[in-house]
Amino acid sequence: MIVTRLNSCARTMSTKVAVLLSGCGVYDGTEVHESSAVLTHLSRQGALASCFAPDKDQMHVVDHTAGTEMSETRNVLKESARIARGKISALTELNVGDFDALIVPGGFGAAKNLSSFATQGVDMTVDLTVSDKIAAFHSAGKPIGLCCIAPVLAAKLIPGVELTVGSDQEGTDKWPYAGTAAAIDAMGGKHVVTDVSEAHVDSKNKVVTTAAFMCETDLHEIHDGVGAMVTEVLKLVT
């Protein structure tokens, strides 16, 4: 097992992955557990992660103890720096040519700060810089990984892309956001049903997705699904 792990690190130690954050906290930014899982699995597999975020105000700020909106303003980049332990750059500074892959953790920030999906649904727009960077990775044939609600970004930007947010069956406590699957289809993507511990790979578009906290389940299952996504993204690096 030690030899296998070391070989894995040797295979990917020069792989550089950009991680796009959207704030700090599930209700108005990046889901902290998902981003931590992404960074942990990248580290375990020997890839070098660099964090980026848009330098702009959040859509709003949510009190995470009550789920209510607060009357203050916070900056997406500065909030994301909490997750990155200060090692973060503005998204405008991301040079796609310097990286082998892009990963976008979920959290409502992807639907509020990286796009307007939270308020506009299928009529959403994507932040222009976010759109430009995702499009650049895709056109360069570099893999893109997305967790949780973040796959809606790819649905809007990459026609016909295969994506998963887990289940498409609404009305269950385990999958409270299953309606997102229909939105993905409506925006021109193709939703694929998966379990929370799985990742779906669209080999043609080099897009890998996993449901993460679209599912109400134990934390270790979220971690496993994110790990599967990270592994498949690194496999697609050429």
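Helix axes are lines fitted to C-alpha atoms over the stretch in contact, and the angle between two helices is taken between their N-to-C directions. Two packed helices are described by this angle together with the distance between the axes. In the present structure, which is a predicted model, this description was applied to helix α2, spanning residues 32–44, and helix α9, spanning residues 219–235. Their axes lie 9 Å apart and form an angle of about 45 degrees. The crossing of the two helices is right-handed.

On the α2 side, the contact is made by H33, E34, A37, V38, T40, H41 and L42. These residues meet L219, I222, H223, V226, G227, M229, V230 and L234 of α9. Sorted by class, the contact of α2 with α9 comprises 9 nonpolar, 5 polar and 1 charged residues.

Empty space in the model was examined next. Rolling a probe the size of a water molecule over the atoms shows where such space is left. The largest pocket has a volume of about 260 Å³. It is lined by 15 residues, of which V26, F108, C148, Y177 and F213 are the closest to its centre. The lining of this largest pocket divides into 11 nonpolar, 2 polar and 2 charged residues.

The second largest pocket has a volume of about 190 Å³. Its lining consists of L39, A49, C51, I83, A84, R85 and K87. By class, 5 residues in the lining of the second largest pocket are nonpolar and 2 are charged, while no polar residue is present.

Technical notes
Residues are numbered from 1 along each chain as its sequence is written. This is a predicted model: local features need pLDDT of at least 70, side-chain atom pairs count only at pLDDT 80 or more; totals for chains, interfaces and linings use all residues. Side-chain values use heavy atoms; hydrogens and water are left out. On a 1 Å grid over the protein atoms alone, a cavity is a set of points where a 1.4 Å probe fits but cannot get out, and a pocket is an open set with protein on both sides within 12 Å along at least five of seven lines; lining residues have an atom within 4 Å of a point. Grid points are joined across faces, edges and corners, and a volume is the space filled by probe spheres set on the points. Ala, Val, Leu, Ile, Met, Phe, Trp, Tyr, Cys and Pro count as nonpolar, Asp, Glu, Lys and Arg as charged, and the others, Gly among them, as polar. Axes are lines fitted to C-alpha atoms, for helices over the stretch in contact, and angles run from 0 to 180 degrees between N-to-C directions. Helices (H or I, at least four residues) and strands (E, at least two) are DSSP runs, numbered from the N terminus. A crossing is left-handed if the near helix is turned anticlockwise from the far one by less than a right angle, and right-handed if clockwise. Contact means heavy atoms within 4.5 Å.
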